[in-house]
Amino acid sequence: MTQDELKTLVGQAALHYVEPGSIVGVGTGSTVNKFIDALASIKHTIQGAVSSSLASTERLKALGIPVFEAADVEELAVYIDGADEIDHAGHMIKGGGAALTREKIVAAQSRKFVCIADESKLVKVLGQFPLPVEVIPMAAQRIVREFAAMGGTATLRLKDSRPLVTDNGQHILDVTGLKISDPLAFETRVSQWPGVVTVGVFAFQKAGVCLLGTGAGVKTLVF
């Protein structure tokens, strides 16, 4: 199967984790778009969704799925999102789609995180995918130096030759050259740096389940 077909497969499989009558946490990205499309087929059985990005909100609304503000919902039963990398303990790197801050917020108010991904995203050690870090622009160059001291190379993410601006009005650094063998300690450390809004390591908000698209079908990993 193609990567696109694998994404469709896990997007449909994630419907199993949607509770009737609930408000569903919905992530961002190409794999999640497949889930949103599948969710539209059962939209009459749920109240609606809380979205982690403007792009997902637009797609949900276009398909007739009501979107609630995160601040207006106390708790979500499940959050369904993709990952740029996921290890064998459920820790992830996220933020390739620039929505990491809102993704982490919605994940934190959900009882269960279900990650949907194709098998290429499963890794032994996080870090091969460039680590996204959302930063306040005035702090960016100092944070670049902090990562350099750790052996990483941080570059400002651009869009149309200008710094990409997130839904929160901030910038993103993408960091290469890291091997994140202790995701919890790494997330704790980088999160303390002044000017860091969110680091794209999801260790505290790790996945509880991963639906992994493989050539043999969907493989379910439970952490």
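User: How far is the sulfur of Cys115 from the closest cysteine sulfur, and is that within reach of a bond or too far for one?

Analyst: The closest cysteine sulfur to that of Cys115 belongs to Cys210, and their separation is too far for a bond, given that a disulfide is taken as a pair of cysteine sulfur atoms within 2.5 Å. This is a predicted model, in which local features need pLDDT of at least 70 and side-chain atom pairs count only at pLDDT 80 or more, whereas totals for chains, interfaces and linings use all residues. Residues are numbered from 1 along each chain as its sequence is written, and side-chain values use heavy atoms, with hydrogens and water left out. The separation is too far for a bond, at 4.1 Å.

User: How many disulfides does the structure hold?

Analyst: Cys210 takes part in no disulfide, since the nearest cysteine sulfur, that of Cys115, lies 4.1 Å away. For the structure, the number of disulfides is zero.

User: Are Cys115 and Cys210 buried or exposed, by their relative accessible area?

Analyst: Relative accessible area is judged with a 1.4 Å probe on protein chains only, where buried means under 20%, exposed over 50%, and partly exposed in between. Cys115 has a relative accessible area of 0%, and Cys210 likewise stands at 0% relative accessibility. Cys115 is therefore classed as buried, and Cys210 also counts as buried.

User: In what order do the four strands of the open antiparallel sheet lie?

Analyst: Strands are DSSP runs of E with at least two residues, helices are runs of H or I with at least four, and both are numbered from the N terminus; two strands pair if DSSP finds at least two bridges between them. The edges of this sheet are held by β9 (153–156) and β13 (196–199), each with a single partner strand, so that one side of each has no neighbour in the sheet. The pairing is antiparallel, and the order is β9-β12-β8-β13.

User: Which residue of β12 stands opposite Leu156?

Analyst: β9 and β12 (residues 171–176) pair in the antiparallel sense over four bridges. One of the facing pairs sets Thr155 opposite Asp174 in β12. For Leu156, the residue standing opposite in β12 is Leu173.

User: What is the bridge partner of Leu131 in β12?

Analyst: Strand β8 (residues 131–135) also pairs with β12 in the antiparallel sense, here over five bridges. β12 is largely enclosed by the rest of the structure, because five of its six residues are buried. Within β12, the bridge partner of Leu131 is Val175.

User: What separates the C-alpha atoms of Gly215 and Val144?

Analyst: Gly215 sits in the loop between β15 (209–214) and β16 (217–222), and with a relative accessibility of 61% Gly215 counts as exposed. Along the chain, Gly215 and Val144 are 71 residues apart, and their C-alpha atoms are separated by 39 Å.

User: How far apart in space are Lys219 and Gly64, C-alpha to C-alpha?

Analyst: Lys219 belongs to strand β16, where a relative accessibility of 46% makes Lys219 count as partly exposed. Lys219 and Gly64 are 155 residues apart in sequence, while in space, C-alpha to C-alpha, they are apart by 30 Å.
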